[in-house]
Structures are given as C-alpha cells and as structure tokens.
Amino acid sequence: MTVQPPSGNPFATQPGQPAQPAQGNPYATVPPQNSGNPFAQGQPQGQPQNSGNPFAPGAPQGGPAGVPGGCQFCGSVPAAEATVRARQGMIIANRTQKVEGHFCRSCGMAVHRELSAKTLLQGWWSVQSFLLTPFTLIGNLSARGKFKKLAEPSGGFQQPMTPGKPIMRRAAAVGVLVPLALVGAIVTAVVMDDSAGTASAGDCVRNNGTTIDPDIAVVECGSAEAQFKVAERHDGTAAQCDRNRFSEYREYGGSSDFTLCLEPLP
C-alpha cells in the first residue's frame, strides 16, 4: 500500500517526477534573480557594488570612488602630489621621516607645518643632519607652494585636517636660533681671532705664555700689552730670522706653517 503525502505540503514529491523546489520556498537551491543583491551568485565574492564607499576594492586609495588623485587623508579634491620630510639629528646619526602622495590644500599645509616645525627643533643635532636640514626645509617650502595654489578642498569622505598655527608661532620655532647662534659664534671667532696665525708684518704681539711654551697674541701697538713688533713674516718653515736682531716664533704641523721675526719693543 502506498501512502500519499498530504496535498498541503510544499515540499512534497510527486511519484515518478524529479524533485522541484516549490516557488514559495526561500531555501530553494535556485538563487533568486535579484540583480541588486551584491552577494548573488555570479557577482565576485567580497566585491560589493557600492560606488559611494571610498574603501571599496577598485576605488582610488585614499579618495572616494570616481575621484582619482583625491587627497590621501580625506579624499577631497583638488589635490597635488608632493613629498614632505622631517629630519632629526641624534649626535652621531640622523633620521628622516617622509610623507608622500596626494594632498589637498588643508591636509598638505597641516603636514608641512608639523614636519617642518619638528625639523626646526630636532634637525640640528648631528653634523650630517645639520648640513642636510636646510635642504629639507627648502624642499618642504617647495611642497608648500603647491598646496597654496590649490582651491579649498571639497568632496571628501571626511573633513580635511586643520593646518594649525603657522610654524613661526609654534614653540618649535626656537630651533631656528640654533644655526643662527652657531654662525654667529663662528663669525665672532674669526673676527676676534688674535692668534699668531693672523699676525702680519707691522703688527704688535704679546707672549701670554713662556719662553719655552709661547702663546703669541696680536695686540694694539699703542697699548701697554705690546711686547714685540712683527718685523717679518715668512710662510713655511724654510726661512729663518736674523737671530742677532730678532726673536723667532715658528708654527708648523697645522693648517699652515709660518715663521714670525719679532723685534722687541722698548
């Protein structure tokens, strides 16, 4: 005897016929033909078709879909391609930080001010970094020029960064005094140098050392400190002074060799 399934069962199978899913069955194996379903079979898995999603695969990195070259931070346009750097001196080494890509006006100015201020404060503290810091700052000024030419940003997926205070109104601006102080010290040392190496014929000098270990310094001829007058100066060490007339002072082994013939003052 054959038992017939109840006629109200939507999952019933008629004898002698292949199993067909009922049209009202949501778990049927035939996918519904819904072109708007991003997870429907036939669509690349994990590729939702959402043109408004700035992080959707295929969209330009850092900008909303359909806006190539948008700012990498906020997605706004217009944007300019540039590189901004910071330099840090660490006594015997130095370190460089670099941010490159597309910047809108606001984000570009924010990055420029932040990294340039850091460089002004930290870039002077090793020999190599001291020499390279001016070039870093000049390069950042070039990038700043690009940002200043851009119109106000718009159309991004988030608000642009706030540029913040101008560099010279930040505490880090005191770093500009470091190279100025060093240059001033060098100039002062050159101008105030009264060592024997600066003496020429006709100058007056004083020995601040001893006969065995002399320390010759140039002084004013009319002052009470003057002890000798330079009668002759010879570059190199080959020439000798007339010992019957002059005392001889000689320096050699440094940046330049010279001999001074000194005439005692009355």
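These are my notebook entries on a predicted model of one protein chain.

**Ground rules.** Residues are numbered from 1 along each chain as its sequence is written, and side-chain values use heavy atoms, with hydrogens and water left out. Because this is a predicted model, local features need pLDDT of at least 70 and side-chain atom pairs count only at pLDDT 80 or more, while totals for chains, interfaces and linings use all residues.

**Overall layout.** I began with the secondary structure, taken as DSSP runs numbered from the N terminus (helices are H or I with at least four residues, strands are E with at least two). I found three helices and seven strands. Along the sequence they follow the pattern β-β-α-α-α-β-β-β-β-β. Next I looked up burial (buried is under 20% relative accessible area, exposed over 50%, partly exposed in between, with a 1.4 Å probe and protein chains only). Of the 266 residues, 27% are buried. For contacts (heavy atoms within 4.5 Å), I took pairs at least 6 apart in sequence, and 56% of these join residues at least 24 apart.

**Arginine 87.** I then turned to arginine 87 in strand S1, residues 80–90. The arginine 87 side chain makes one with the side chain of threonine 96, at 3.1 Å. Another, also listed at 3.1 Å, joins it to the side chain of threonine 136. Beyond four places in sequence, the contacts of arginine 87 include Asn94, Lys118, Gln122 and Ser129.

**Salt bridges.** My search of the whole structure gave six salt bridges. Glutamate 152 and arginine 105 meet in one of them, at 3.5 Å from N to O. Glutamate 152 sits in the loop between helix H2 (127–148) and helix H3 (177–191) and arginine 105 in helix H1 (residues 105–122), so this pair ties together parts 47 residues apart in sequence. Glutamate 152 is exposed at 55% relative accessible area, whereas arginine 105 is partly exposed at 21%. I also noted glutamate 248 with arginine 250, their closest N and O atoms 3.3 Å apart. Shared partners join Arg243, Glu248 and Arg250 into one network.

**Aromatic rings.** Last, I counted four aromatic pairs (rings of Phe, Tyr and Trp, the latter by its six-membered ring, with centres within 6.5 Å; planes under 30 degrees apart are stacked, over 60 edge-to-face, the rest tilted). Phenylalanine 73 and phenylalanine 103 form a tilted pair, 5.8 Å centre to centre with 45° between the planes. Phenylalanine 73 lies in the segment before S1 and phenylalanine 103 in strand S2 (residues 93–103), 30 residues apart. Phenylalanine 103 is buried at 0% relative accessibility, while phenylalanine 73 is partly exposed at 28%. Ring pairs link Phe73, Phe103 and Phe147 into a cluster.

Notes:
A polar contact is a pair of N or O atoms within 3.5 Å; within protein, one must be able to donate a hydrogen and the other to accept it, and residues adjacent in sequence count only if both atoms are side-chain atoms. A salt bridge is a side-chain nitrogen of Lys or Arg within 4 Å of a carboxyl oxygen of Asp or Glu.
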